Amino acid sequence: MNKSIPHDSAIKHVSGESVYIDDMLVNAQLLHGRVVYSKHAHARVLSIELSAAKALPGVLSVLYSADIPGHNQMGPVIHDEPCLAVDQVHCVGQALVLIAAVSEEIAIQAEALIKIEYEELPAILDIRSAIEQNSFLAPPRFMKRGDADAALKTAMHVIKGEIETGAQEHWYLETQTCLCIPGEDKEITAYSSTQHPSETQAIIAEVLGIAKNEVVVEIRRMGGAFGGKETQANWIAAWCALLCQATKRPVKIRLFRDDDQIITGKRHPYLIKYEVGFDECGKISALKFEQNADGGYATDLSMAILERAMLHADSSYFIPNMHVTGRACRTNLPSNTAFRGFGGPQGMAGMETVIDRIARFLKKDGAEIRKLNFYGTETNNITHYGQEVELNRLHILYDQLMASSDYLERRKSVNTFNAKHEFYKKGIALTPVKFGISFTTSFLNQAGALVNIYKDGTVLVNHGGTEMGQGLNTKILQIAAAELGISTSFIKVNATNTSKVPNTSATAASAGTDLNGMAVKVAIDILKGRIAEVMASEFSKKSTGEPSLAADLVFSDDVITDSKYPDRNIAFADAMPLVHFNQVSLSAAGFYRTPDIGWDKATGWGKPFNYFAFGMCVSEVLVDTLTGFHKNLRTDILHDVGDSINPGLDIGQVEGGYIQGVGWCTTEEVKWNANGHLLNHSPDTYKIPSVQDIPADFRTHLLQSAPNPRAIRKSKAVAEPPLMLAFATWLAIKDAVSAVGNHAFEPEFKLPATNEVILLSIEGLRKKTKS
Amino acid sequence: MQDTISFVLDGKIQRLDFKGAYTPTTTVLNYLRAGLSHKGVKEGCAEGDCGACTVVIADLDGANKLRYQAWDSCLIFLPMIHGKQLITVENLKHKMNGIEALHPVQENMVNCNGSQCGYCTPGIVMSLFALYKTEARPTHASIEDALTGNLCRCTGYKPIIEAAAKACVHDGRDQFTDQEQDIIHLLLEIRADEKPVSVHTGAQSYFQPLTRTQALESRNKKQEAILISGASDIALRVTKRHEILSEIIDLSHVEEFKQFSTENNRMTFGAGMSLEDVRKHAKNLLPALYDALSVFGSRQIRSVATLGGNLGSASPIGDTLPVLMAYDASITLESVQGERTVNINNFILGYRKTDRKPHELITRVSIPKPRKQTLLKFYKVSKRKDLDISTVSAGFSLALDEDKVKSITLAYGGMAALTKRASAAEAFLTGKKWERRVVEQAMELIIQDFTPISDARSGAVFRSLAAKNLLLKFWSETAAAVSSPFSDSDGTG
């Protein structure tokens with residue numbers, strides 16, 4: 001336990017033996033599904049002509065909305081997403097028609113034969129237009145502590161401004177995929193690359209008009225997900241299931257990369273307006289945020305994402321008077337969805353921008369302003385939604401990282417370098433992360449497990465979480481081994497299957513290990529209790545003297561031992577047939593729910609989170625001011641994962657999350673043209689970080705000796721929080737840009753800071769400097 | 001003529017005809033994935049931008065030794081691997097003393113936590129395997145270069161770089177070393193049949209000449225046929241646009257088009273040379289060309305893409321074009337009627353339009369050795385430094401007479417429908433002092449010759465600004481001797 005073992009699939013990964021859904025062997029009757037989608041951002045559908053496509057040899061089924069036997073809906077929370085569009089389309093990429101054919105080529109040929117007539121309607125394609133036209137998904141949300149308006153009036157300095165953050169494409173390597181196999185009666189088994197098998201099961205049942213007990217959803221592993229398969233994997237599964245039901249044959253849909261990028265939603269773009277009041281030291285007294293999210297055409301998870309953005313509008317800072325308003329715009333783009341951080345990054349980008357602006361205004365270093373405003377440990381430790389920041393690690397992280405990164409000295413060298421160079425500028429920044437762990441929809445914080453022990457002593461662990469690369473199954477394996485006191489070689493973690501563990505929550509909110517690990521522990525505790533009873537009685541039968549007590553039995557090193565009488569012991573594997581012989585069940589279900597959390601969404605007050613994960617990052621960059629190109633010179637990360645269950649996996653999550661964040665902050669730009677067509681629909685023009693984009697000097701450490709009393713084995717969630725470490729790199733770029741104007745002017749800045757944003761900002765500063 | 005192809009896979013010769021499920025434009029990726037035992041190879045993008053489909057091709061070099069290269073199998077048509085060994089991730093695990101063992105690159109990937117979701121991993125393993133076979137103790141820069149064509153969305157790459165450094169310490173020795181003689185024997189057996197591959201299906205014809213004469217004659221007969229060699233551009237029409245290419249001439253097997261020579265102060269590159277081979281030759285002789293090729297695509301792409309292909313496609317961006325203009329390169333065109341030579345500045349006529357006549361083939365590119373005092377630079381502006389098509393690219397050449405401009409070439413890509421020169425700025429600068437004030441005046445003239453567009457890569461304003469700034473950058477690096485604090489290998493200046 002608490003050691004680095006490789007990912008439980010690592011050997012299979014490197015050998016090409018890991019089976020993803022597209023690799024599954026299916027019989028020759030397999031059909032290939034294809035989805036035909038809208039080519040207009042907003043239009044009336046006047047007619048759909050399918051007969052020529054249906055007549056093409058090799059085409060088995062062509063379906064449109066009228067062919068849906070159940071409900072034509074697949075919205076996960078609000079039912080505002082038709083499975084197949086009926087008389088209107090609301091974005092480019094919205095599904096209209098499904099085709100099943102014997103090959104992908106024939107399905108493509110069939111698509112070309114389908115004629116759809118549209119009447120175009122005006123489209124809303126960005127946040128500002130949506131605000132102007134009052135186009136929102138739901139009423140605004142508010143969070144409020146103190147009286148920001150009054151405090152702004154008395155503040156020594158006030159700055160107003162706005163910051164835009166861009167969309168981000170998930171770019172999981174494995175595109176959305178589902179394989180459906182028909183069973184008898186109405187049964188259907190869906191192998192779906194989904195983070196949320198229970199919801200995928202529910203949507204399939206709803207669309208097909210059958211009961212949930214007739215649908216099984218299974219997922220062994222995903223080739224990446226990052227939130228993109230939390231709700232939107234449901235779509236592909238529902239389409240696939242419709243074709244499977246219609247043809248009574250196995251059907252697979254695997255989206256082509258471009259189709260995946262065009263059809264599915266992205267990280268929500270935000271337009272954040274702020275007004276901040278502060279004193280001459282940079283201490284903030286008042287802050288008002290207006291967060292505007294681009295939700296796309298349907299609700300999906302937008303309101304929960306907005307909520308998390310609002311809950312993270314404070315980043316890591318105590319702000320006595322704070323108002324946050326949040327609005328989710330309805331636009332004619334694909335419905336935006338979960339993406340690692342789930343609104344948290346956007347909320348924090350607003351706050352870190354505010355801090356950066358205060359620092360530039362006061363001609364002080366950003367790190368100093370951050371430290372000054374950090375939540376306290378004893379006082380000033382209540383968030384703007386009323387939760388106490390317990391076990392605050394910000395100050396220890398700051399002290400350690402400032403020293404280990406040599407921040408102050410490097411700040412001086414950066415200034416020296418900038419004074420010497422006209423065309424090249426360096427920048428450096430430190431930013432913190434404080435991220436709330438729990439689903440903010442409190443009832444979702446529950447998990448189930450089913451642990452089976454077989455008579456040979458091997459163990460099969462089922463749980464409700466899904467493996468998408470994060471190493472959840474490896475951690476579950478380690479937890480099960482530690483709790484059972486047996487080696488991992490006896491244990492197998494099963495593919496996630498809705499018939500084993502029902503009614504689960506999505507593997508999301510970074511809570512996969514916290515929730516499922518605890519559920520597995522609960523199941524194992526039940527089993528150990530039963531086994532101990534049987535073995536205590538068996539030990540007592542065979543020995544003279546005091547009987548063994550179940551409570552004294554310990555499970556360790558593959559052996560069950562009476563701690564009072566150590567000579568009374570038996571190998572774990574040898575004990576199992578005895579338990580079975582005693583007519584005691586070796587299968588147990590575990591269930592866990594996070595205790596002591598809850599809050600009032602209407603008032604925006606309470607305790608939404610079980611605990612906070614912390615991290616901090618210092619990043620230094622070099623910018624070529626003639627081309628806008630930048631290089632990440634050195635990045636130091638110190639991250640808090642509590643007592644790490646697996647430091648190797650956790651460092652992988654921290655580094656990978658940071659680099660994914662760097663992508664969002666720098667090169668990953670999503671653009672639509674004036675008609676709402678996605679311009680960056682393949683990796684040709686959509687640029688995630690490559691191996692050459694990582695810091696030249698990349699130092700990652702986990703905070704030591706920081707156990708977390710609120711989660712399994714004193715660990716902390718990792719997954720999402722490290723993504724936001726990337727703000728250090730983003731603001732280091734801004735720092736370098738600002739150096740072009742000798743820090744006399746506030747640069748125009750956005751997220752992502754592409755070479756274009758950088759160069760145009762520099763040009764603006766050059767003009768200001770000259771005039 | 002032979003209407004089948006043969007290659008080595010899983011240690012055996014595989015002979016394929018095109019009478020069943022496969023067409024001449026079936027990609028190696030789709031061929032492998034259609035079978036039962038090579039599903040480790042993955043499709044991530046079907047356009048050579050992610051590397052999940054990376055396989056290793058072992059081919060006989062001039063001395064009949066095996067040369068290992070990583071290729072993107074999603075862009076390779078089956079006939080292109082005729083006569084070669086195809087190695088997939090499944091071939092790397094092997095039996096050692098009866099026990100299943102991982103290859104050193106696999107083992108280090110496991111131990112360094114080099115995989116998370118695992119989907120990119122087979123491709124990464126194969127890129128590392130190619131590196132393992134070709135470079136002992138590679139430098140950090142070489143590891144990065146070998147991995148540039150492989151995107152990973154999970155790890156942040158650091159553990160993969162670490163795995164590469166730890167693995168590549170055995171001078172390339174592994175189980176493949178032991179089998180090399182057998183494989184060479186098999187490949188020679190395939191090559192013993194000297195008839196070119198010629199496949200005709202109902203919808204397609206595919207001809208793969210082996211000699212210059214066959215190539216020129218077939219071109220003369222089929223002037224509408226699509227020419228490919230690496231197919232790294234043309235394949236996209238199949239994988240992305242689902243076109244059926246009816247007539248193809250595949251020049252990839254004509255060794256005569258792959259020759260390099262240097263004589264009379266000219267360096268001559270065969271048009272069929274891969275860009276990776278061109279890059280190696282350019283390293284010391286033509287540093288600006290080397291810089292251009294170092295940020296061109298990825299190793300997988302450069303290993304198949306050719307100079308001739310890049311010129312022939314005449315893309316408005318065409319990364320090698322501006323720098324070849326700066327080098328004042330000449331293009332040799334051949335046909336059954338003979339050959340002619342055209343200066344590159346007269347070769348590109350318009351948007352994807354060149355001076356090549358339908359019956360001709362581009363066969364050579366010849367570059368005069370730059371004079372010592374000529375200053376030559378390549379610049380590329382792109383969103384991501386590597387494996388990204390230029391937003392703006394430039395090839396500049398400058399000859400000074402004392403402190404005055406004797407001649408100057410300012411060639412730009414990405415600024416118009418074709419790569420072209422900034423003629424107004426060139427004329428203005430000629431004869432003037434090479435100083436900042438003059439250069440800043442010339443910067444304003446640059447945009448006169450161009451009408452950049454706004455597209456997925458950037459806006460027009462950015463393009464114009466970057467194009468102007470590149471001239472200032474050129475001046476700063478030549479006159480003011482401002483050296484870049486970026487590492488020299490960046491190619492971004």
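Mentor: Helices (H or I, at least four residues) and strands (E, at least two) are DSSP runs, numbered from the N terminus. This is a predicted model, in which local features need pLDDT of at least 70 and side-chain atom pairs count only at pLDDT 80 or more, while totals for chains, interfaces and linings use all residues. Residues are numbered from 1 along each chain as its sequence is written, and chains are lettered from A and ligands numbered from 1 in the order in which they are written.

Trainee: At what angle do the axes of α10 and α18 of chain A cross?

Mentor: Axes are lines fitted to C-alpha atoms, for helices over the stretch in contact, and angles run from 0 to 180 degrees between N-to-C directions. In chain A, α10 (344–362) and α18 (727–740) cross at roughly 35°, and their axes come within 11 Å.

Trainee: Which residues of α10(A) and α18(A) make the contact?

Mentor: Two residues are in contact if their C-beta atoms, placed from the backbone, lie within 7 Å. Here α10(A) supplies Met348(A), Ala349(A), Glu352(A), Asp356(A) and Arg360(A), and α18(A) supplies Phe727(A), Leu731(A), Lys734(A) and Ser738(A). For classes, Ala, Val, Leu, Ile, Met, Phe, Trp, Tyr, Cys and Pro count as nonpolar, Asp, Glu, Lys and Arg as charged, and the others, Gly among them, as polar. The contact of α10(A) with α18(A) has four nonpolar, one polar and four charged residues.

Trainee: In what order do the strands of the open sheet in chain B stand?

Mentor: Two strands pair if DSSP finds at least two bridges between them. The four strands of this sheet in chain B follow the order β8-β9-β11-β10, with mixed pairing. Strands β8 (197–200) and β10 (226–228) of chain B each have a single partner strand, so one side of each is left without a neighbour in the sheet. From one strand to the next, the twist averages 15°.

Trainee: How many bridges join β8(B) to β9(B)?

Mentor: Four bridges join them, and the two strands run antiparallel. Val199(B) of this region stands opposite Tyr206(B) in β9(B).

Trainee: How many residues of chain B are in contact with chain A?

Mentor: There are 66 on chain B, in contact with 67 residues of chain A. Helix α17 (460–478) is one of those in chain B that supply at least two residues of this side. With eight residues, α17(B) gives the most. The side of chain B that touches chain A has 32 nonpolar, 18 polar and 16 charged residues.
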